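Please read the following points alongside the sequence and the structure. They are arranged by region, so that each can be checked in turn.

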Amino acid sequence: MMVKLQLLFASACINFGTGDSNAVDLLSAALATTAAKCAKEPTQRVDCYPPRANFPDPTEELCLAQGCCWESLENEGIPCTFAAEEPPSEEKCNNVAKPARLACRNPRFASSKVLEDAETCESAGCCFDDGDCFQPMSDGYELLTLDETSNGWRGTLALHQGGTGPFGNDVPLLELNVVRESSSQLRIRITDPAFPRYEVPDLPVRRQDRQEDINESDYKVHFTPWPFGVAVTRRDSGEVLFNSTPPVERADKGESFSGLVFENQFLEISTQLSVSEEDHQPILYGLGERLGPARLRADGDLYPMFSRAPNASAPVHSRSGGDNLYGVHPFVLQLEGGQSGNAHGVFMLSSNAMEVLARRDALTYRLTGGILDIFVFSGPTPQNVVDQYTGIVGRPAMPPYWALGYHVGRRGEAKSVEEAMKIVTQLRMAGVPMDAYWQDFEYTADNGRALSLDETKHSHRDMRAFIDDLHFHSQYFVCVQVPGITMQSTSREIESKSWKRAKHNALTFHTRDTSEDDEGYDHSDDEEGADGRDASNADDNTRDGSGRDISGEGSGGSDQSAESDQSEGGEQQWDPIARGEELDIFVKGVNGERYAQKAFRSGWAVFVDFFHPQASHFWHEQLAQFHKYVMPFDGLWLDMNEPSSTCDCALAAEDDICAHVCTERHSTRPSNDEGIVEFEQVGVPDGGFIRTNDVNFPFDPYRQPFAPGQNEPATGGHGNLNSATLPMAALHHFSLHYNLHSLYGHAQARATHRALNSIVKKRSVLLSRSTFSGTGRYAGHWVGDDAEASWEQLRLSLSGTLQMNLLGIPLTGPNVCGSRGRSSTELCVRWHQAASFLPLLRNHAESDDAKQTPVDFDADALNILRSTLLRRYRYLPYMYTLFYEAHRSGSPVVRPLSFEFPDDKNARDVEHQYLLGPALMVSPVVHEGAISAEVYFPDAKWYDAHNGKLALDPEARDNRRVSLLTPLAKLQVHLRGGYVIPTQQSLTTTALSRRGAFTLLAALDMSQETPSAFGELYVDDGDSLSAVEDRRYSLMNFGVLQNSSNSVEFKNSIKFHGYAGPEMQADLSEIRVYGVCGGGFAANSSMDATLLSSGEGSPREVSIKADYFAQSDMLVLSRLDVPIGQEFHVKVVAQPAATPEGGKRETGVGANAGKSGSEEEAERGAQGGKKPAEKKKKSKFSVTGIVGIVVGCAFLAAIILVFLLRLRRRRQGYETI
């Protein structure tokens, strides 16, 4: 009771603005309580900080950060021990569900005695059962005060007696802020009022309008005082959207969870999940990035989120976790149970390492720092949820049109410009569409030095000529860049400087002999004032990291102008390290050393601090130099920007793959004379670090009390966040790497996006391996970075692309045919087909033996792949329009079937079919040897996109899963009734295709009383910046209506006209309307079709051609003679033909129709093939037929005669030559 009174008094003081000193007193009291707890001498001193190789010995702060007791011992002994704790109650241990068990201490660092001995485990205050030593359940906090504000509520939370968390250092007093951001969005913030802890910068990107009537919100908010919880429910149905109240009434069933935990390095909050009785698990999506099904399993599964490159091949998701990948997206979308079709979402805004435990009844978030900042989105549709989420993190960027083309690259094989040119030329000669070539690390010096060019493989002149050739053919060039700059690119001057080094940065390595290579970049800079350097200090020659001349002599164009702009003092040096030192923009060491170095591909590297206010200027400056003088790229591909580093031999656990790599490296280490970098010789840190203003005392960046993925040490970073990346205590401009790690790739993508806009001055392609919530504003992403060529990886690549689209990064796709290993012909063909409607289609192999471009296969496979790619290009206008929708509202470009049919229970489990937008369903073959596709058709009208036939019998209501024959050359693509999609004649580049003729595919929704379909087309110049924001685009709306049994109308109206370029003048060749039926439309009907256009001048009305194909119920309109960018109105009236004498109808149609039923005839009709004006009664054999028979017989007789002569020669003893 006394503690409550103290907390109430402190809360009152803080509310009145005079609480700083009281909060300090309160924290002092808490520390005093801890001291009192440690005053009792334990019966046995159990080491809380046991020695570990290459990790610091305990200090008082490091010990207290683990929630343990410190006693300075000058003689030998155990200075850091567990407090003498009473064993937890049996109830608090039994109520912890087995999947929810949290290890008593991080297994990577804990004493084995604590984890394995029951008595020692319990003396540390933990539970022991079935060999597990785990934390007991915590009661959490109590709500003391709650006041309503103009837009929500503000309250005070106090730590309940006995409610301490697992690792000590619980914050005794918390502030609660619940804000109604909009009628469909609520924000819950829990912070420490006494200390400004770390928060994610620059998010949310915009705040919702708070002026709307709060009574109109579609949710209700409820509070539970103790154990504290806040609940958000749907106003009309009571469905739970979020509820952090522990369900203590279900604790005996193992369905409860701990109350709120808020410590220095561990935060935990849970939310109840509502599941209908008919569902075994909740229907959840999100929590990326991971390799696994798009739908989340919730059977006690752990989902760690800490951007990390796997040490080996990316692990497929398993229940025990440890399988997080390059991106961090703590957003969950749940489809509500039953038949409501509603959806809602929860977003945890945090970049600290975290893990989410998914059970049938609850989601539990475990964070390693920061605050709790939660957004709840009420939907109610999946589209609404994604719209609300991307409204917070940022809308996806609008890509250039060429980004949707086919992209090719080859690592290992294309080791020279000549080999790259050979690949491109072969694709052109074979007529295979291609829009971009992707250049991997081979072009860089030392196999990965940023901002360098290896002249021995890729000469400057040849590289320029190759890129110029690509541009001449309307193709593009994309190259890889990394955030680490190896120290080999440092000038001699830097080597002579003596910087203070900490013990853990005293690294032993050997550099090459001083030579011209060590001078780094000496590059001309014609803008002296841009970087403040003096041109008089520059060398006479311009050189890259390999020492070669890149002054541009003889390269023409920009190079010659660069020469003419040189200052009189000579050409300036281009040295990224020197320039970075000048601006002081590198990540610093843990004790403030100038560099936080890590092993990075070819040597020790420093990393750009993209959170520094000058970092964007530096990065833009370096990329501009590189673009101007080395290679004029059209886009960039950011790799290893988690950031990743080479295996940390000193930090690897025994069963980690790095341990084996290091063992092999040690046994095969060459002599010191060979000048290698000895990555494993890392000094032991002394436990010190520089504390930033957002890190509270006590804090341990070296041994985390809890680390995501610690249950799977071989794949989860072996329980140590410092592994294979920058040290967690490395110093950024305003915080520690501990807080900013998962945000690093996002920050680099933001800086690179801004630099590209300034340098290229057009929309460019930017991909980032590491992503965070909102990275879609700046970059796309590729999945399966190191995926083996396998059927499982094919299937997982589809799920990964769907996952990233739901997370707001639509420009995503796999490396088709795999990144490693050799793909079979069947696998590569099926993978191309499966990915041909994904937003990003890239063929990039990372090994010498993985030749898998279309020209690397036999003629049959080449023909199939060419047709597959041409089909993709035909649908690009529709895909580009979907990107406009994504840019405007965040709508996913590709999506799972359940996204469009949330009330369809069967659609929720379909993983390998997907929708391109709402209208096009793709059902690929994803199993080896299969010649049929199992296709599930949700409740809608579906038409074969090629021939317009209805895909499913209208009477088949119960069985909507069909096996369709799908030989190797075929892909199942179906068009949904009610939609009109634009297609365009496909050629070998997007630039050529954009001028081709359009064909509009309209699929009537026959379930409506008046069958209709609608669609739209977005058109701009394809690459100008801010085309949408500056309203330099045009948007056409299409509508088709069968308003009677014998009449169809089609209308094209311009919804917005802000662009009138040549793309708007492309011809409209055909309109195909699927699902046309009725009394007036029959095989022998004649068509009266007129088009009324409203272009320049007075409106004109003309007759057009109309063909009806009765067997497929398809109406084809052609000879329209109108551009796609012109408004028009078409009306078709069907008139049954008169019955001829004898009472028999003719099998053909009149003037405007072909024979019904034949798919070939339908295709001919769609192509505007001519037909006779009048039908005459034909004889049994036509003249042409008789002539054909005669010629055929003569040809057959000649063959027989030649055969007889050859036979006679053999009998006479002659041999054929």
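1. Which residues does Thr364 touch, not counting residues up to four places away in sequence? The model under discussion is a predicted one. In this model, Thr364 touches Glu268, Ile269 and Ser270, and also Glu355, Val356 and Leu357.

2. Thr364 itself belongs to strand β20, which covers residues 362–367. With a relative accessible area of 4%, Thr364 is buried, because the limit for a buried residue is under 20%. One of the residues that Thr364 touches is Ser270, and the side chains of Thr364 and Ser270 are joined by a polar contact of 2.8 Å.

3. Is Gln748 buried or exposed? Gln748 has a relative accessible area of 0% and is therefore buried.

4. The surroundings of Gln748 deserve a separate point. Leaving aside residues up to four places away in sequence, Gln748 touches Val482, Pro483, Phe610, Trp619, Leu638 and Asn641. Among them, Asn641 also takes part in a polar contact: its side chain and that of Gln748 meet at 3.2 Å.

5. The next point concerns a sheet. Five strands make up an open sheet, ordered β34-β35-β36-β40-β38, with antiparallel pairing. At the edges are β34 (894–895) and β38 (942–944), each of which pairs on one side only.

6. Within this sheet, the pairing of β36 with β40 can be followed in detail. How many bridges join strand β36 to strand β40? Four bridges link β36 (residues 920–923) to β40 (residues 972–976), and the two strands run antiparallel. As one example, Val922 has Val973 in β40 as its bridge partner.

7. Helix α20 (residues 859–874) packs against helix α21 (residues 876–889) at an angle of about 50 degrees, and their axes are 5 Å apart. This angle is why α20 is described as oblique to α21: angles under 35 degrees would count as roughly parallel, and those of 65 to 115 as roughly perpendicular.

8. Which residues meet where α20 and α21 come into contact? From α20 the residues are Arg872, Tyr873 and Arg874, and from α21 they are Leu876, Pro877 and Met879. Sorted by class, this contact of α20 with α21 contains four nonpolar and two charged residues, with no polar ones.

Methods:
Residues numbered from 1 in each chain as written. Predicted model: local features only at pLDDT ≥ 70, side-chain atom pairs only at ≥ 80, totals over all residues. Heavy atoms only, no water. Buried < 20%, exposed > 50% of the residue type's maximum accessible area, 1.4 Å probe, protein only. Polar contact = N/O pair within 3.5 Å; in protein donor to acceptor, adjacent residues only side chain to side chain. Contact = heavy atoms within 4.5 Å. Pairing = 2+ DSSP bridges. Axes fitted to C-alpha atoms, helices over the stretch in contact; angles between N-to-C directions. Parallel < 35°, antiparallel > 145°, perpendicular 65-115°, else oblique. Nonpolar A, V, L, I, M, F, W, Y, C, P; charged D, E, K, R; others polar.
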